[in-house]
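Please read them with the structure open.

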Amino acid sequence: MKKQAIFGGTFDPIHNGHLHIAYEALYKLNLDKIIFIPSGNPPHKFYREITDGYIRYEMVNMAIREEEKFELSDYEIKKSGFSYTYETLEYFKNSFQDIQWYFLTGVDCLMELDGWKNIDKIMEICELVVFNRPGFNKWAILRQKERVEKKYNKKIIFLDIPLLDISSTDVRRLIKENKNVRYFLPEGVYNTIKELKLYI
Ligand code: ATP
Ligand code: MG
């Protein structure tokens with residue numbers, strides 16, 4: 001059976017922290033493929049305006065093109081509006097047969113798991129793979145991991161890899177402050193941000 005992962009995110013913009021965890025997952029879990037799925041644009045602006053889906057999609061495209069096991073899907077941005085993770089996972093599960101699915105996520109998402117719609121379906125469809133991020137208490141993480149595992153009667157895969165303290169929020173803020181973000185981002189992504197004058 002093939003092993004494939006879904007890696008969803010806003011990717012506004014995609015950065016080296018995302019690529020770092022994707023590479024680790026690829027090799028540690030021996031995956032055949034990782035599908036990057038940028039989220040759609042929310043219908044209403046709430047706390048900030050998110051960059052157009054196709055621009056975020058193109059930046060991901062540039063970031064992953066050197067790794068043949070990384071793929072990209074416009075499933076969520078094509079739908080426009082907000083997509084629920086469980087719907088996306090159901091769609092992919094139903095579109096392919098005989099695949100063991102994994103869902104990659106940072107620990108910030110694990111801590112907010114109760115807010116996810118139909119989390120039981122997510123836990124049923126895929127193996128949840130969680131990566132640590134700076135700023136989270138180890139004991140709080142362990143408690144949450146155990147709680148979720150017990151509630152859904154399923155193990156979570158926790159990959160404790162070296163942390164990369166990068167977030168899209170930091171990248172956007174640094175650009176606004178006119179600071180150098182070149183080494184947080186793949187070259188093509190950096191150039192696109194400059195060309196389109198994003199985040200200034
Ligand atoms: P923002 O600051 O805008 O929320 P972000 O850096 O968190 O951006 P997202 O697109 O929200 O990026 O994240 C997609 C997924 O990647 C999430 O599951 C998130 O937890 C994970 N992730 C992002 N950056 C890192 C990192 N440096 N280390 C581990 N996981 C990360
Ligand atoms: Mg985030």
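1. Basis. This is a predicted model, in which local features need pLDDT of at least 70 and side-chain atom pairs count only at pLDDT 80 or more, while totals for chains, interfaces and linings use all residues. Residues are numbered from 1 along each chain as its sequence is written, chains are lettered from A and ligands numbered from 1 in the order in which they are written, and side-chain values use heavy atoms, with hydrogens and water left out.

2. Strand pairing around β1. Helices (H or I, at least four residues) and strands (E, at least two) are DSSP runs, numbered from the N terminus. Two strands pair if DSSP finds at least two bridges between them. β1 runs parallel to β4, joined to it by 6 bridges; A5 has Y102 as its bridge partner in β4, and I6 has F103. β1 also pairs with β2 in the parallel sense, over 6 bridges, and there G9 is partnered by P38. With α1, the strands β1 and β2 form a right-handed β-α-β unit; right-handed here means that, with the strands pointing away from the viewer, the path from the first strand over the helix to the second runs clockwise.

3. Strand β4. Buried means under 20% relative accessible area, exposed over 50%, and partly exposed in between (1.4 Å probe, protein chains only). Because 7 of its 8 residues are buried, β4 is largely enclosed by the rest of the structure. β4 pairs with β5 (residues 126-131) as well, parallel and over 6 bridges, with L104 opposite V129. I99, in β4, is buried at a relative accessible area of 15%. Contact means heavy atoms within 4.5 Å; leaving aside neighbours within four places in sequence, I99 is in contact with M1, K2 and Q4.

4. The largest pocket. What encloses it? A pocket is found on a 1 Å grid over the protein atoms alone, as an open set of points where a 1.4 Å probe fits, with protein on both sides within 12 Å along at least five of seven lines; lining residues have an atom within 4 Å of a point. The lining comprises 49 residues, and G8, G9, T10, D108 and C109 lie nearest the centre. At least two lining residues come from each of β1, α1, α4, β4, α5 and α8. The space in this pocket is about 1,300 Å³, where grid points are joined across faces, edges and corners and the volume is that filled by probe spheres set on the points. By class the lining has 22 nonpolar, 19 polar and 8 charged residues; Ala, Val, Leu, Ile, Met, Phe, Trp, Tyr, Cys and Pro count as nonpolar, Asp, Glu, Lys and Arg as charged, and the others, Gly among them, as polar.

5. Buried loop residues. S39 sits in the loop between β2 and α2 and is buried, at 18%. Beyond four places in sequence, S39 touches G9, T10, R56, E76 and I77. I161 lies in the loop between β6 and α8 and is buried at 6%. Its contacts, again not counting residues up to four places away, are H20, I21, E24, K28 and F131. I161 and E24 are 137 residues apart along the chain, yet their C-alpha atoms are separated by 7.7 Å.

6. Helix α9. The buried residues of α9 (187-196) are G188, V189, Y190, T192 and I193. These buried residues pack against α2 and α8. K197 follows the helix with a positive phi, near 55°.

7. Backbone geometry to check. Most residues other than glycine have a negative phi, and most peptide bonds are trans. Which peptide bond is cis? The one joining D12 and P13, with omega about 0°; P13 is in the loop between β1 and α1. F11 is found in the loop between β1 and α1 and has a positive phi, near 50°; F11 is buried at 2%. N153 has a positive phi of about 50° and is located in the loop between α7 and β6, where N153 is exposed, at 72%.
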